[in-house]
Number of protein chains: 2
Amino acid sequence: MATVEEPTRPAVRTRDAARTRAEILDVATQEFARAGYTGARVDEIAARTRTTKRMIYYYFGGKEQLFTAVLERAYSQIRQAEQEVDVDHLDPVAAIRRLAELTFDHHEAHPDFIRLVAIENIHEAEHMAASEQLGALNSPAIEVIRRILDAGRASGLFSADIDAVDLHAMISSFCFFRVSNRHTFGALFGRDLVAAEQREHYRTMLGDMVIAYLTADRSEA
Amino acid sequence: MATVEEPTRPAVRTRDAARTRAEILDVATQEFARAGYTGARVDEIAARTRTTKRMIYYYFGGKEQLFTAVLERAYSQIRQAEQEVDVDHLDPVAAIRRLAELTFDHHEAHPDFIRLVAIENIHEAEHMAASEQLGALNSPAIEVIRRILDAGRASGLFSADIDAVDLHAMISSFCFFRVSNRHTFGALFGRDLVAAEQREHYRTMLGDMVIAYLTADRSEA
DNA sequence: TTACTAACGAACCAGTTCGTACATTAGGAG
DNA sequence: CTCCTAATGTACGAACTGGTTCGTTAGTAA
């Protein structure tokens with residue numbers, strides 16, 4: 001019943017450009033991943049931030065550039081993870097399997113990233129094209145794959161003459177599809193590709209598939 | 001220089017419910033595939049039709065139901081194509097390879113369908129869930145795969161104990177990724193997965209991969 | 001202490017977008 | 001030929017949305 005108005009606490013507007021910028025990126029990542037580029041609302045992003053819409057335009061310029069910034073950060077995080085991969089101590093077969101599993105795990109752990117990539121493909125990668133930072137700077141994973149492939153062929157273990165980028169595509173396609181198409185696949189076949197009980201099953205299947213392809217006996221062909 | 005106004009031809013408003021409905025679906029499919037669900041504009045769909053926006057609401061009820069109808073038709077077309085598959089005269093290895101190639105070809109030939117599926121996944125298949133027609137009625141392809149797998153195992157050619165739905169996922173993931181992620185993959189690695197020169201390369205790679213997995217020597221495992 | 005600027009907030013605006021109310025007519029049933 | 005209704009077209013509006021204008025203030029350099 002108190003008719004006394006709350007003094008609407010001054011909220012001690014502390015100034016911290018880096019924090020504000022990062023917070024906008026965090027929220028924007030969620031919102032874009034949730035609703036797609038067009039479906040994401042700048043007002044909604046601002047509302048879920050401790051700052052205002054004005055700041056989004058102040059720091060990023062607009063919705064398009066904000067999405068580009070979101071993509072840039074997401075990809076830079078993935079590259080960072082890839083750089084920490086260490087499979088040099090393993091034999092080629094084990095190394096490839098390990099790498100496939102790491103890719104599998106990373107996709108599963110970052111569904112928002114998968115969604116962002118799917119969304120960017122709907123828009124034909126126009127935001128990536130507009131980014132200087134994202135210009136064809138190769139993923140570290142490719143170099144790792146290349147080294148393992150060379151070793152595997154040198155030792156006679158690998159018969160397939162696939163190159164690193166194509167092998168990366170093969171591994172990624174399985175990992176990506178499992179997460180990206182989870183919902184339509186589930187609706188059509190009543191099977192949840194990302195169900196916890198199935199995790200080991202699919203992880204093993206991926207490794208088996210890649211190794212089988214690389215080591216297949218092609219002498220009869 | 002004729003200042004005589006064109007009589008704005010009466011356009012002979014012929015009435016044909018089926019045609020109007022089908023035309024709306026055609027244009028809507030393009031527009032949704034182009035811009036995503038949220039990005040698609042009802043006014044734009046109407047403008048590219050020989051009828052008006054009023055008819056979209058008259059026949060479909062609204063944007064959501066229109067998108068659901070688009071998905072229903074797209075999936076029914078795919079099922080129709082799957083039903084025409086005939087691989088019964090082939091041995092299991094050749095049959096699986098042929099089936100994989102047909103899936104490959106279908107994905108390549110229908111990029112709009114791929115985009116619609118990707119878009120529907122962004123929306124967590126909520127429109128498919130709202131459809132009675134799309135309720136878990138299995139794809140004919142699954143039955144075909146099941147038969148081939150049984151035959152392959154019976155004859156001792158296939159060693160892998162994978163089930164039909166998972167094999168379908170394996171094949172689809174490669175075909176789907178190649179089309180759906182064409183743009184981001186191209187931007188990152190400078191390689192166009194859908195380039196015509198590469199078509200045979202990837203088609204063969206898919207078949208090799210699936211056959212290698214199914215026939216891999218697991219005696220040493 | 002003062003002055004200056006980077007960082008910030010509230011309110012607003014113009015264009016858009018889905019959806020609807022109302023009026024009209026083609027074409028078939030009788 | 002007449003009447004009835006499924007089918008169609010026009011015009012409009014309320015809510016939303018990206019972006020901007022204008023004014024304020026925290027922190028800091030001198």
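How much of the chain is helix and how much is strand over residues 41-60 of chain A? In this predicted model, that stretch is 70% helix and 0% strand, with its end C-alpha atoms 15 Å apart.

**Annotated region**
- The unreviewed UniProt entry gives residues 41-60 of chain A the annotation "DNA-binding region"; such positions follow the numbering used here, feature names are shortened, and annotations may be inferred rather than shown by experiment.

- Of the atoms of DNA strand C within 4 Å of the protein, 57% belong to sugar and phosphate.
- By residue class, this surface holds 12 charged residues (Asp, Glu, Lys, Arg), 7 nonpolar ones (Ala, Val, Leu, Ile, Met, Phe, Trp, Tyr, Cys, Pro) and 6 polar ones (the others, Gly among them).

**Polar contacts (N or O pairs within 3.5 Å)**
- To phosphate oxygens of DNA strand C, a backbone N or O atom of A:Asp16 lies 3.3 Å away, and a polar backbone atom of A:Thr52 lies 3.4 Å away.
- A:Arg54 places a polar side-chain atom 3.0 Å from a base oxygen of DNA strand C.

**Contributing helices (DSSP runs of H or I, at least four residues, numbered from the N terminus)**
- Two or more residues each come from α1 (17-39) and α3 (53-60) of chain A, and from α2 (42-47) and α3 (53-59) of chain B.
- α3(A) gives the largest share, 4 residues.

**Conventions**
- Residues are numbered from 1 along each chain as its sequence is written, while chains are lettered from A and ligands numbered from 1 in the order in which they are written.
- Local features need pLDDT of at least 70, side-chain atom pairs count only at pLDDT 80 or more, and totals for chains, interfaces and linings use all residues; side-chain values use heavy atoms, leaving out hydrogens and water.

Technical notes. Near = heavy atom within 4 Å. Polar contact = N/O pair within 3.5 Å; in protein donor to acceptor, adjacent residues only side chain to side chain.
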